[in-house]
Amino acid sequence: MKNAIDIKGVSKTYRDFTLDSLTLSLPEGSIMGLIGENGAGKSTTIKLIMNAILPDSGSIEVLGMDNKSPEFAEAKEDIGVVLDEAYFPINLNCKNVNTIMRLTYKKWDSDKYFGYIKEFGLPEKKAFKDFSRGMKMKLAIAVALSHDPKLLVLDEATGGLDPIVRDEILDIFNDFTRDESHSVLISSHIVSDLEKICDYIAFLHRGRLMFVEEKDLLYENYALVNMTKTQLSGMPKGSVLGSRENSYGAEVLMLRSDIPAGMAPERITIEDIMLYMAREER
């Protein structure tokens, strides 16, 4: 299987933050969700992928090409990008954006673009400066989808959208990967959105990759277990991946294979795994 993105041993250090030896791959034809708290390194990772900033070490290939090579500038034609803030000149409207993008992308499809503008309910003649955050994000998504990309790189692309519109856009991203040559990397604070559409989940915490795993295997491999505080204190070292104590006892994150006989696993979400692992790190 080919990979749309290959990140190998990438590190990037700032004065107060380090992305440490990141290694992960996004298989072609799949959707990967990038989760983590604010400041975990999600946006830094996306900037590194797009060669907007340079790593201190390691290598990144995007669509089979070294992203530091001169050819990568042309490969960006095949990448649709939506950052956590949409940037267009403030006095442009949707029609103006179409005119500019038609001159920017070789494979720009005006019919597809205006189809998304209509589907998202965006006014064609209203200036960008008068758009709400949700309208700005919808315009950025319409642009990203309208030049026949093979890869979507989305940083908080559903932020500021109401639940109904978010659901519609998630369906669009899902439909996008019905073509097996299409892939999506999407970061989001709304973990429930990623649970709906992602094939893989990568969890960054304080600049470290805690795991990258198939979503379905996360449900199969992890579980929450209720136990007494005495039972918790007696658990073997390394078997507790995270815990939260309360007046009745403790709720404990474990691998299902480590759960002692007689203890029943509880239903788990990806957000549970993220929160309990982060709690344990603290």
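Predicted model: local features only at pLDDT ≥ 70, side-chain atom pairs only at ≥ 80, totals over all residues.

Reader: Start with D78. Why is D78 called buried?

Author: Buried means under 20% relative accessible area. D78 has a relative accessible area of 16%, so it counts as buried. It lies in the loop between α2 (72-75) and β6 (79-82).

Reader: What makes the pairing of D78 and K107 a polar contact?

Author: The side chains of D78 and K107 are joined at 2.8 Å, and the cut-off for a pair of N or O atoms is 3.5 Å. So 2.8 Å is within the limit. Leaving aside neighbours within four places in sequence, D78 is also in contact with L63, D148, P149, K150 and L151.

Reader: And D193, buried or exposed?

Author: Buried: the relative accessible area of D193 is 1%, which is under the 20% limit. D193 is found in helix α7 (residues 191-197). Setting aside residues within four places in sequence, D193 is in contact with T158, R166 and L170.

Reader: Now the rings. What makes W108 and Y113 a tilted pair?

Author: Two values do the work. A pair of aromatic rings is described by the distance of the centres and the angle of the planes. For W108 and Y113 the centres are 5.2 Å apart, and the limit for pairing is 6.5 Å. The planes are at 50°; under 30 degrees would be stacked and over 60 edge-to-face, so this pair is tilted.

Reader: How do you know that W108 and Y113 are buried?

Author: W108 counts as buried at 10% relative accessibility, and Y113 counts as buried at 0%. Ring pairs also link W108 and Y113 with Y105 and F114 into a cluster.

Reader: Why is the pair of F211 and Y222 called tilted?

Author: The ring centres of F211 and Y222 are 6.3 Å apart, within the 6.5 Å limit, and the planes are at 35°, which lies between 30 and 60 degrees, so the pair is tilted. F211 sits in strand β10 (residues 208-214) and Y222 in strand β11 (residues 222-227), eleven residues apart, so the pair links distant parts of the chain. Both F211 and Y222 are buried. In total, the count comes to eight aromatic pairs.

Reader: What puts K136 over the face of F128?

Author: K136 is 5.3 Å from the ring centre of F128, and the distance limit is 6 Å.

Reader: What makes α5 mostly covered?

Author: Eleven of the 13 residues of α5 are buried, among them M137, L139 and V143. What covers the buried residues includes β6, α3 (94-104), α4 (110-119), β7 (151-155) and α6 (163-176).

Reader: Which residues touch the most other members of the largest nonpolar core?

Author: F88, Y113, L139 and F173, out of 56 residues in that core. Helix α5 (residues 133-145) gives the most to this core, with nine residues. Not counting residues up to four places away in sequence, L139 touches F88, C94, V97, Y113, I117, L122, F128 and F131. There is a second, separate core of 28 residues, which includes I7, L19, V62 and Y200.

Notes: Residues numbered from 1 in each chain as written. Heavy atoms only, no water. Helix = DSSP H or I, 4+ residues; strand = E, 2+ residues; numbered from the N terminus. Buried < 20%, exposed > 50% of the residue type's maximum accessible area, 1.4 Å probe, protein only. Polar contact = N/O pair within 3.5 Å; in protein donor to acceptor, adjacent residues only side chain to side chain. Contact = heavy atoms within 4.5 Å. Core = buried A, V, L, I, M, F, W, Y, C linked by side-chain atoms within 4.5 Å. Phe/Tyr/Trp six-rings, centres within 6.5 Å; stacked < 30°, edge-to-face > 60°. Lys NZ or Arg CZ within 6 Å of the ring centre and 35° of its normal.
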